[in-house]
Number of protein chains: 2
Amino acid sequence: MVLSKACTYGILASLYVTREANRSKGYVSIGRMSKELNISFHFLTKILQQLTSAGILSSMKGPKGGVALKRNPQEISLVDIVVAIDGMGLFTDCLLGLPGCGEEKPCPVHDEWAGIRADLFHTFRGKSLAETAKRIDELNLRFALPSESEEGGKSIRDFRNLL
Amino acid sequence: MVLSKACTYGILASLYVTREANRSKGYVSIGRMSKELNISFHFLTKILQQLTSAGILSSMKGPKGGVALKRNPQEISLVDIVVAIDGMGLFTDCLLGLPGCGEEKPCPVHDEWAGIRADLFHTFRGKSLAETAKRIDELNLRFALPSESEEGGKSIRDFRNLL
DNA sequence: TTGATTTAAGACTCTTCTATCTTAAATAGA
DNA sequence: TCTATTTAAGATAGAAGAGTCTTAAATCAA
């Protein structure tokens, strides 16, 4: 898995908060969010705490409490979320896990992977929460996990796209 | 982590076997390989069993036994190793883990990720064991894990390369 | 002030991945 | 044939990730 589960949940939740912020002021309830995204409440709470301590979200306890974006959603990139939860490893580590792999002491696939991971970094660093949330609305995209009732049935693995 | 530990070990071992095959005929000892690559013998054995049952390696028990490439190393790509151990998920699954994500029912980052993962697939599908092993010799690259004595000290994370 | 609501924090469980250990099976060579 | 060697296979253990549960702390509203 490229991103941890916690990280993907963090991204989905951040997009949810961004969209809610466009509709109404105030904090977004974690309870409500967990229901709509079909993410375990307690697990989601932990993830949002990480985003809060990373300075991406702010939170408020009590009635009408919840979480809110701390900065302008145009200034928060998807990479910010990934780094806050999974760290920089995806964008810096050797594909083969060789410590110290780098320009001076490369592994057999260093150049290829370095190019792809840099592409990954720049692509998602260039996508802000605002822009991504906007596209969700415009194209009516899905961004919640399937509910129990929805079948879902693992992921569709379309090999044909690769050939 | 993009590749599982088992998968990276499998790649390193496959490259080791490829290079050994250039020097001498016969099977490559797993015991010797585990020592030179600094990979746990029993764990490595399990991984090589997966490659054997995937038809990538053949094995022989007893004295002078070990593993050998079953096919020409020019016809085995790095993707073959990855797929044998980690499966196709890396090249087919949604970055956000949404089941059913695809052209018809995309997630908010489907297009971007689909492009990068296809790039990843084609890049490493285009790299054969023979070609990669050759480059190791030519450029004197490293492809073993650091030994206990070598400090190693986690990986070097050079953020500057990204900015 | 009191009570209901909501996030914070820590302990705990469950699963998967990683790694180790033991025993069995096959093979080469004496 | 007998023995040492080497991979195969299964059981076990340890570590990390994923998810749950309980209690505490803060806040709003009555």
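Reader: Where is the place of B:Asn38?

Author: B:Asn38 sits in the loop that joins helix 2 and helix 3 of chain B. Helices here are DSSP runs of H or I with at least four residues, strands are runs of E with at least two, and both are numbered from the N terminus. Before we go on: this is a predicted model, in which local features need pLDDT of at least 70 and side-chain atom pairs count only at pLDDT 80 or more, while totals for chains, interfaces and linings use all residues. Residues are numbered from 1 along each chain as its sequence is written, chains are lettered from A and ligands numbered from 1 in the order in which they are written, and side-chain values use heavy atoms, leaving out hydrogens and water.

Reader: Why is B:Asn38 called partly exposed?

Author: Buried means under 20% relative accessible area, exposed means over 50%, and partly exposed is in between (1.4 Å probe, protein chains only). B:Asn38 has 31%, so it is partly exposed.

Reader: And what makes the phi of B:Asn38 worth a mention?

Author: Most residues other than glycine have a negative phi. B:Asn38 is not a glycine, yet its phi is positive, near 60°. A:Lys64 is another non-glycine with a positive phi, of about 65°.

Reader: How do you know whether A:Lys64 is buried or exposed?

Author: Its relative accessible area is 78%, over the 50% limit, so A:Lys64 counts as exposed. This residue belongs to the loop between strand 1 and strand 2 of chain A. A polar atom of its side chain lies 3.0 Å from a phosphate oxygen of DNA strand D.

Reader: What makes that pair of A:Lys64 and DNA strand D a polar contact?

Author: A polar contact is a pair of N or O atoms within 3.5 Å; within protein, one must be able to donate a hydrogen and the other to accept it, and residues adjacent in sequence count only if both atoms are side-chain atoms. The 3.0 Å of A:Lys64 falls within that limit. A:His42 qualifies too, with a side-chain N or O atom 3.4 Å from a base oxygen of DNA strand D. B:Lys46 has a polar side-chain atom 3.0 Å from a base oxygen of DNA strand D.

Reader: How many residues are around DNA strand D, and which come nearest?

Author: There are 25, and A:Ser40, A:Phe43, A:Pro63, B:Ile30 and B:Ser59 come nearest. A residue is near a strand if one of its heavy atoms lies within 4 Å of it. By class, this surface has eight nonpolar, 11 polar and six charged residues. Ala, Val, Leu, Ile, Met, Phe, Trp, Tyr, Cys and Pro count as nonpolar, Asp, Glu, Lys and Arg as charged, and the others, Gly among them, as polar.

Reader: Why is B:Tyr9 called buried?

Author: Its relative accessible area is 11%, which is under 20%, so B:Tyr9 is buried. B:Tyr9 is part of helix 1 (residues 5-23) of chain B. Leaving out residues up to four places away in sequence, B:Tyr9 touches B:Ile39, B:Phe43, B:Ile47 and B:Leu145, where contact means heavy atoms within 4.5 Å.

Reader: How are helix 6 of chain A and helix 6 of chain B oriented?

Author: They pack at an angle of about 180°, with axes 11 Å apart. That makes the pair roughly antiparallel. Axes are lines fitted to C-alpha atoms, for helices over the stretch in contact, and angles run from 0 to 180 degrees between N-to-C directions. Angles under 35 degrees count as roughly parallel, over 145 as roughly antiparallel, 65 to 115 as roughly perpendicular and the rest as oblique.

Reader: What makes helix 1 of chain A and helix 7 of chain A roughly perpendicular?

Author: Their axes come within 9 Å and cross at roughly 80°. That angle falls in the 65 to 115 range, so the two helices are roughly perpendicular. By class, their contact has five nonpolar, three polar and two charged residues.
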